[in-house]
Amino acid sequence: MKLTFWGAAGQVTGSMFLLETDDDYRILVDCGFDMERERSPEDPIDAHPSRLFPFEASMVNTVILTHAHIDHSGNIPNLIREGFEGQIVCTSPTMTLTELLLEDSASIHERKWKKYRRQKDRQPFSKNGITLPKEWFVKKHVNWAKEQFFPIQFNRRFQLAEGVHVTLLPAGHLLGAAHVLLEVVERGEKKTILFSGDLGRYNYPLLPDPAIPPQVDYLICESTYGDKQRSTVGEPEEVLLDIVKEACVSKAGKLIIPAFSVGRTQALLFTLNKLYLKKKLPPIKVFSDSPLAHSSTRAYMKYVNMLNDEAQAFYEEHRVLFDFENLVYVEKLKQSKALAYLNEPCIIISSSGMVQGGRIEHHVRANIQNPQSTILMVGYAAEGTLGHELLSGAKTITAHKEKEEVEVLANIESIDVFSGHGDQADLLRFVSHQDPERLKKIFLVHGELSSMQTFKQLLHERRFRDVEIPMRGQTFEL
């Protein structure tokens, strides 16, 4: 049996791992969009249909999704375009959220392509005679993907093929997110492989704690925060309330919160709702400005029985999770832009969380030179994004249209109580369920190299001796 690392190897994004059994059954665990290798239309487009994938898509038998985020699911339509005909196995919430995210990506790709064609003084977007950049799929490709999803329940052992079984275990991190346990029998010998997916946090708003993993032979473990401990002290409600009071009461300004539409926004709205019902939230408007977030919020309500005990009890008592009197859902782009002229304290939650595209860029740039405004970063921002610049203490940023440098006068704050990833302590807790004498190898993925190296050293100190940091394209025999 062979395991090849085609994504999230030596970096954070683009999760994609190919497992090939002795009898040529091929399983692709995750099929994520690689945000660190994205090309523009100016890049040369290879005429060969397999440009995106270094393997033959039609030879893959099954795709297993750990969760819906685009860096784990975003290349599925492209895999189907290139010949994949098998099932996409995941939980029901992951199926629902992935479809929403892929539809949103397709809309963005279509808008980008139309804009690009206009700029180049070419014909408008057409199905005939135009070759899209390989990363850019459109809505019909998403519709193809929808037909191949096959949802299964958590903790239900499911047979993929003779001698090959999969079990999805709750991972926290996001609604429906899973650890993937594979059991493969080869030549009478059973081998077990566990893919962590993205490990969630313990006691996180809305989501259940990660499941206790079983003992396995091989562990593929994410390491996003392998070198970091959470720095923000306190419960999410207390931490957020302090910032709201400072930004919107003491400074009488706007609080701008970049947040991913799927997961982070729901955690923020749930926390604000609890504060509102306890009459702790100041009487200010809260604007949720992301149509994708609104669709995702409805998905959370659909699967309320899969949320944690606190959320289910809250729903039983109040019959809502996210809606409260001062909350306004912003749908139209015109309404979103009008918020720049609102001259009163308020909270604006918008995507993307890394301030890279989406409506949040407009809100950040409209408030970046206002000393009364506060921009609150609540999660990870990859290098090369505006969010990363702000977290790094940039004194100036580039204005969106003028391409001029403008001074950062707004207050930049950051907290990690809403981060969906487990920190170093959570990762160690997850791995500690394995017996170092029985675990044959650990592979560290989904992290910056420095993070993985630090985490590898910590694992060595805990008697886990065989720890690998695979690079992209590296293959191991199991």
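Two strands are taken to pair if DSSP finds at least two bridges between them, and with that cut-off in hand the sheet of this predicted model can be described strand by strand.

The sheet is open and has seven strands in the order β7-β8-β9-β10-β11-β20-β21, with mixed pairing. Its edge strands, β7 (158-161) and β21 (467-468), each pair on one side only. Within the sheet, strand β10 (residues 189-195) and strand β11 (residues 218-222) run in the parallel sense and are joined over three bridges; the bridge partner of Phe195 is Ile220, in β11.

Two helices pack on this sheet, and the table sets out their contacts and directions.

| Helix | Residues | Strands touched | Angle between directions |
|---|---|---|---|
| α12 | 424-431 | β9 (178-186), β10, β11, β20 (441-445) | about 170° with β11 |
| α13 | 449-461 | β11, β20, β21 | about 155° with β20 |

In helix α4 (residues 139-146), His141, Val142 and Ala145 are buried, and because they cover an arc of only 100° around the axis, they lie on the same side of α4. An α-helix has 3.6 residues a turn, so residues three or four places apart point the same way.

In helix α10 (residues 360-367), the buried residues are Ile360, Glu361, His363, Val364 and Asn367, and these are put on the same side of α10 because they cover an arc of only 165° around the axis. The elements that cover the buried residues of α10 include the strands β12 (254-258), β13 (285-289), β15 (346-350) and β16 (374-377), together with the helices α9 (333-338) and α11 (386-391).

Definitions and conventions:
Residues numbered from 1 in each chain as written. Predicted model: local features only at pLDDT ≥ 70, side-chain atom pairs only at ≥ 80, totals over all residues. Heavy atoms only, no water. Buried < 20%, exposed > 50% of the residue type's maximum accessible area, 1.4 Å probe, protein only. Helix = DSSP H or I, 4+ residues; strand = E, 2+ residues; numbered from the N terminus. Arc of directions from axis to C-beta. Contact = heavy atoms within 4.5 Å. Axes fitted to C-alpha atoms, helices over the stretch in contact; angles between N-to-C directions.
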